[in-house]
Amino acid sequence: MGKGDGKNDMTAINEEYREKCNTPSDINKLLPIMKKFADGCNHITELGTGKVVSTWALLAAKPKRFVTYDIIRPPDIERAEIASERAGIDFEFRKTDVSDIEIEETDVLFIDTYHHYNQLIHELRSHGSKVNKYIIMHDTTTYGKKNETMAEDCKEGLKEMGTDLNKYGTSSKKGLMRAIRDFLKENKQWKLEKRILKNNGLTILSRI
Ligand SMILES: C[S@@+](CC[C@H](N)C(=O)[O-])C[C@H]1O[C@@H](n2cnc3c(N)ncnc32)[C@H](O)[C@@H]1O
């Protein structure tokens with residue numbers, strides 16, 4: 001059987017992953033680290049599909065099931081769906097506000113949505129208990145100590161879903177690292193595993 005004949009063909013995913021690693025972006029240097037932590041994990045969940053870059057690093061770890069969420073369906077998602085089908089990965093894109101969902105039990109949760117204290121603390125508190133191994137967060141350098149100004153397309157997407165945008169304006173707490181520290185204080189079963197400062201930053205929590 002040739003490598004393209006079965007449901008085990010990782011060729012397209014590996015090619016896309018290599019290309020994303022070699023193309024300068026806001027995350028490319030962090031992709032191998034994300035893949036390393038995701039390797040050997042059966043179930044991976046991504047919050048914030050965006051332009052479908054981080055997705056390829058997580059797919060390159062070859063999970064059995066991969067679920068990715070965003071309020072906007074990216075046109076490029078189809079390539080990832082097709083490549084996953086060939087690789088035998090059960091891939092699902094869900095168009096929804098991640099603030100209002102219950103995720104499936106997962107080994108790895110990757111978070112890269114709206115970089116705001118209120119958003120991240122809500123995501124960690126809502127979904128942390130469903131994660132068996134690692135929580136990986138992007139942009140923890142750029143938005144470590146300040147909240148992001150929300151992009152217009154994100155505002156439109158959230159308004160379409162009926163989200164009240166005022167909820168983001170009501171906190172004096174700023175930045176992703178404060179949210180991570182607050183979550184770690186409340187949840188002693190999690191520890192800071194690794195913090196990388198380059199390429200906007202990546203922070204990884206692991207279950208104790
Ligand atoms: C920085 S981008 C993600 C980049 C992506 N990880 C990549 O590598 O291309 C952030 C994404 O989060 C999405 N987003 C923001 N708030 C969200 C929410 N409450 N629920 C779901 N998606 C959200 C935005 O639409 C945007 O596509």
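Which residue follows H4 with a positive phi? Gly-88 does, and its phi is near 80°. The views below show a predicted model, in which local features need pLDDT of at least 70, side-chain atom pairs count only at pLDDT 80 or more, and totals for chains, interfaces and linings use all residues. Residues are numbered from 1 along each chain as its sequence is written.

**View 1. The open sheet has seven strands.** Their order is S3-S2-S1-S4-S5-S7-S6, and the pairing is mixed. Strands (E, at least two residues) and helices (H or I, at least four) are DSSP runs, numbered from the N terminus. Two strands pair if DSSP finds at least two bridges between them. S3 and strand S6 (190-196) are the edge strands, each pairing on one side only. On average, neighbouring strands are turned by 15° against each other, direction ignored. Here axes are lines fitted to C-alpha atoms, for helices over the stretch in contact, and angles run from 0 to 180 degrees between N-to-C directions.

**View 2. Strand S2 (residues 65-70) has two faces.** Phe-66, Thr-68 and Asp-70 lie on the covered face. Arg-65, Val-67 and Tyr-69 lie on the uncovered one. In a regular strand the side chains alternate between the two faces of the sheet.

**View 3. S2 pairs with S1 and with S3.** Strand S1 (residues 43-47) runs parallel to S2, joined by five bridges. Ile-44 stands opposite Phe-66. S2 and strand S3 (residues 90-95) are also parallel, over six bridges. There, Tyr-69 has Arg-94 as its bridge partner.

**View 4. Two β-α-β crossovers share S2.** S1, helix H3 (residues 54-59) and S2 form a right-handed unit. From S2, the chain crosses through helix H4 (residues 77-87) to S3, again right-handed. Right-handed means that, with the strands pointing away from the viewer, the path from the first strand over the helix to the second runs clockwise.

View 5. Ala-80, Ala-83, Ser-84 and Ala-87 are buried. Buried means 20 or more other C-beta atoms within 10 Å of a residue's own, exposed 12 or fewer, and partly exposed in between, with C-beta atoms placed from the backbone.
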